[in-house]
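This briefing covers the surroundings of a ligand and a pocket. The sequence and structure come first.

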Amino acid sequence: MKRISNRILVTGGAGFIGSNFLLGWMKAGGGPAVNLDLLTYAGNAANLASLEGDERYTFVRGDVCDAELVGELLRRFEPRAILHFAAESHVDRSIASPERFIRTNVLGTFTLLEQARVYWATLDEADRTRFRFLHVSTDEVYGTLGPEDAAFSEETAYAPNSPYAASKAGADHLARAYLHTFKLPVVTTNCSNNYGPYQLPEKLIPLTILNALEGKPLPVYGDGKNVRDWLFVEDHCAAIRAVLANGRPGQTYNVGGHSERTNIDVVTAICDLVDEMRPRPNSAPRRGLITYVSDRPGHDRRYAINAKKIQRELGWRPAEAFESGLRKTVRWYLEHGKWVEGARTGAYRDWIEKNYSERAQMLGLATGE
Ligand code: NAD
Ligand code: DAU
């Protein structure tokens with residue numbers, strides 16, 4: 001029987017984490033890769049412009065829910081692994097319009113698993129043992145923590161609170177079931193909040209950097225005391241490489257930055273960095289732009305990751321401290337005005353209008369709140 005290739009199939013590789021992963025993978029000589037991405041509002045082909053002409057890289061525009069396409073790609077490229085990043089990823093959008101999240105995150109993951117199962121069954125034993133389905137998931141499946149609660153471990157019970165988190169939890173359960181029932185070698189990562197280059201400015205950190213630069217209000221939901229455990233995106237990519245290389249099939253690995261910060265601390269830190277790198281002509285501190293707005297419904301209070309398992313088994317730990325990573329990130333956004341311009345499409349601007357200017361209406365709150 002024919003041996004599988006050294007190629008990997010990445011889904012969602014034109015998004016924030018996927019493009020950081022692919023750029024790092026190619027730079028490190030990681031072998032050929034096919035990127036299946038629908039280029040939704042969140043996908044940006046410009047992120048991967050530097051890979052154009054690289055014969056190791058193939059881009060396919062398509063939907064992970066398209067079983068025929070996925071099956072055909074597996075037969076044609078015979079990858080040794082599928083790295084599944086593609087998802088609808090923004091919690092606020094999942095509150096405004098949940099349906100897309102169920103389709104992409106649940107049905108899309110099911111489609112990939114099912115096509116992977118069919119493909120995997122055609123391989124010989126050595127290749128079946130070598131093959132991996134790496135499912136990239138989130139810490140949000142675990143729900144929310146109180147201030148004194150222990151950080152999420154791999155044993156924490158699932159308790160997703162937003163439609164996004166529930167759709168990712170559904171996907172995780174399907175991944176687990178395909179391992180258990182069909183023995184497909186699935187491994188899952190559950191990671192905390194990422195930040196770094198190429199993140200669409202609908203998420204807290206890039207949105208705050210750009211609004212601060214442009215002197216716009218800096219929207220902070222609720223009391224600003226919600227806590228996230230921040231991880232520099234390159235550290236997440238390194239964790240995924242480690243899990244792909246040595247993770248045990250059937251296992252889940254929590255990935256986190258040991259960097260819990262309240263949102264208000266993150267926003268003020270960004271204000272200070274932007275003040276330092278781009279002082280305003282009148283020297284007015286950007287902290288003055290902070291504006292408290294209506295809270296996100298069902299807003300999880302705190303996330304924190306216990307990442308001991310991946311450290312113990314695979315020797316992974318975050319390399320970047322939050323302060324240095326944030327500094328690098330602010331500098332990257334200040335130096336990549338063209339990328340920012342390209343990322344702010346009409347669809348992006350429509351969302352910003354809906355989430356901030358029409359926020360009260362969208363959340364069903366009395367206007368004036
Ligand atoms: P993103 O929204 O930036 O990118 C998602 C990518 O998936 C885009 O390129 C988009 O075009 C593509 N996509 C969406 N629907 C698709 C479909 N039906 N078919 C094919 N491609 C499709 O997301 P991200 O922040 O890079 O997150 C990547 C993965 O990591 C997601 O699965 C997310 O749940 C998970 N994750 C994200 C974070 C984070 O902080 N961003 C943390 C932990 C886990
Ligand atoms: O924890 C991992 C998750 O992190 C990923 O699975 C998601 O894909 C990713 O989007 C992220 O989810 P969050 O909801 O935590 O990220 P976001 O950047 O949207 O918000 C971070 C925190 O900041 C959250 O508490 C809400 C708050 N926030 C967000 C925005 C956009 C604000 O206060 N103001 C804002 O304008």
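In this predicted model, a nitrogen atom of ligand 1 sits 3.1 Å from a polar backbone atom of Leu38, a polar contact (a pair of N or O atoms within 3.5 Å). Local features need pLDDT of at least 70 and side-chain atom pairs pLDDT 80 or more, while totals for chains, interfaces and linings use all residues. Residues are numbered from 1 along each chain as its sequence is written, ligands from 1 in the order in which they are written, and side-chain values use heavy atoms, without hydrogens and water.

**Ligand 1**
- An oxygen atom of ligand 1 is 2.7 Å from a side-chain N or O atom of Ser89.
- A backbone N or O atom of Phe85 lies 2.9 Å from an oxygen atom of ligand 1.
- The protein buries 96% of the 830 Å² that ligand 1 exposes when taken alone (Shrake-Rupley method, 1.4 Å probe).
- Ligand 1 is surrounded by 28 residues (a heavy atom within 4 Å), and the closest are Ile17, Asp37, Ser89, Tyr164 and Lys168.
- Helix H1 (16-27), strand S5 (132-138) and helix H6 (163-182) give two or more residues each to this shell (DSSP runs; helices of at least four residues, strands of at least two).
- S5 gives the most, with 3 residues.

**Second largest pocket**
- Its space is about 350 Å³.
- Leu207, Asn211, Lys216, Ile352 and Tyr356 lie nearest the centre of this pocket, among 19 lining residues (those with an atom within 4 Å of a point on a 1 Å grid; a pocket is an open set of points where a 1.4 Å probe fits, with protein on both sides within 12 Å along at least five of seven lines).
- H13 supplies the largest share of the lining, 7 residues.

Methods:
A polar contact is a pair of N or O atoms within 3.5 Å; within protein, one must be able to donate a hydrogen and the other to accept it, and residues adjacent in sequence count only if both atoms are side-chain atoms. Grid points are joined across faces, edges and corners, and a volume is the space filled by probe spheres set on the points.
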